[in-house]
Amino acid sequence: MKTIQFLTVVLAVITFASCDDNNGTEATQDLSDLQVSIAVIDETTGQVASTHTALNAASYEIDFGDGAVVNTGANYVEHSYQSSGVYTIVVKAFDNEERFLRYEDDVVIDFGDVSNLHEGYTTPLSYEGMELIFAQEFDNPTLDASIWTHETGTGCPNLCGWGNNEWQHYRSQNTLVDNGLATITAKNESFEGANYTSSRMITKGKFAFKYGRVDIRAKLPRGQGLWPALWMLGSNIDQVGWPACGEVDIMEMVGNRESTTYGTAHWDNNGNYASHSNSYDYTEDLDQEFHVYSIVWTEQSIKWYFDDLVYNTLDITSASLSEFREPMFLIMNVAVGGNWPGYPNPSTEFPTSMEVDYVRVFQ
Ligand SMILES: [Ca+2]
């Protein structure tokens, strides 16, 4: 699973001191030949080591991609990650004039979350009178591109901050599919002007449905300013816009209210925005173990469930709720910051992840 990329090397033009034949002044020694080896020492503790050398290097800077940056003259540095994820390690070798060579390497840290899979609530693979029409179990090591599309960037220029003044830059690199889980990791890292990265994936144009039961088993991230969501939008969004396309939020959590899940619908009520929402407070935080976030959507109503307990119902028979009698597609994302959750503060620990065990639709 370890992917290695040699992205960039060099940057500074090395200049030569002029040689004076008479007094024997030596030429400046060039910084060159940066060799880096990143090794995962212990997968179960997240311990990695960088071994790095360069000719004529005075010091090294190792940025482990989780906020830890080490400046050292040593050729060997160890580091321990605190949570599973894909981290970008950047090693720079500096000479005495602050010129540097650069090396970049992605490392996958996996604490073996498989054991956690057994902790928490589960739902069955079949329901009487219903058929499983869609199942994403994340058992293959890559995201199924025939189902999911990564939406990337900051939403700019059309919808900067994704309509909610969010701070993250979405990248496909922040999603890892491994051990039967799709893991979306929010990171505190600079990327193209943003200070946070995360992922958002949609089934738009690839899978949509009308009516049925949706079960999504997930373990949520935590922290002030985090905003994980499992939700749906009407497939006609490009034709009619939002909120006329309709939106059904199967699960939303706003850090730092980690024990609460919100189920919400948004629609257009004869030209006016309308919404209906309710929440469920669990006895412990939702990042502690897996729970199943569900809706049961019929011609008459949408009901929201947390671990099979119904906590919200919307009657959709009124003509003004016609949005919810049209096909919708699925979305999974972790936003960082926004009008509703507020923004990260020094107490917010990064990286933090939403782990999704399965997404199933029954009709
Ligand atoms: Ca799974």
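**View 1. Asparagine 56 in a loop of the predicted model.** Asparagine 56 sits in the loop between strand E2 (47-55) and strand E3 (59-63), and its phi is positive, about 65 degrees, although it is not a glycine. Because 14 other C-beta atoms lie within 10 Å, asparagine 56 is partly exposed.

**View 2. Aspartate 307 between strands E22 and E23.** The loop that holds aspartate 307 lies between strand E22 (301-306) and strand E23 (309-315); this residue, also not a glycine, has a positive phi of about 50 degrees. Aspartate 307 has 17 C-beta neighbours inside 10 Å and therefore counts as partly exposed. Most residues other than glycine have a negative phi, and most peptide bonds are trans.

**View 3. Two cis peptide bonds.** The bond from glycine 255 to asparagine 256 is cis, with omega near 10 degrees, and asparagine 256 is placed in the loop between strand E18 (247-252) and strand E19 (260-269). Phenylalanine 350 and proline 351 are likewise joined by a cis peptide bond, with omega about -5 degrees, and proline 351 belongs to the loop between strand E24 (328-336) and E25.

**View 4. Strand E12 and its antiparallel partners E11 and E25.** Six of the six residues of E12 (residues 181-186) are buried, with Leu181, Thr183 and Thr185 on one side and Ala182, Ile184 and Ala186 on the other. Four bridges join E12 to strand E11 (residues 175-178), and five join E12 to strand E25 (residues 352-362). Threonine 183 stands opposite leucine 176, while its bridge partner in E25 is glutamate 355.

How values were computed
Residues numbered from 1 in each chain as written. Predicted model: local features only at pLDDT ≥ 70, side-chain atom pairs only at ≥ 80, totals over all residues. Buried ≥ 20, exposed ≤ 12 C-beta atoms within 10 Å, placed from the backbone. Helix = DSSP H or I, 4+ residues; strand = E, 2+ residues; numbered from the N terminus. Pairing = 2+ DSSP bridges.
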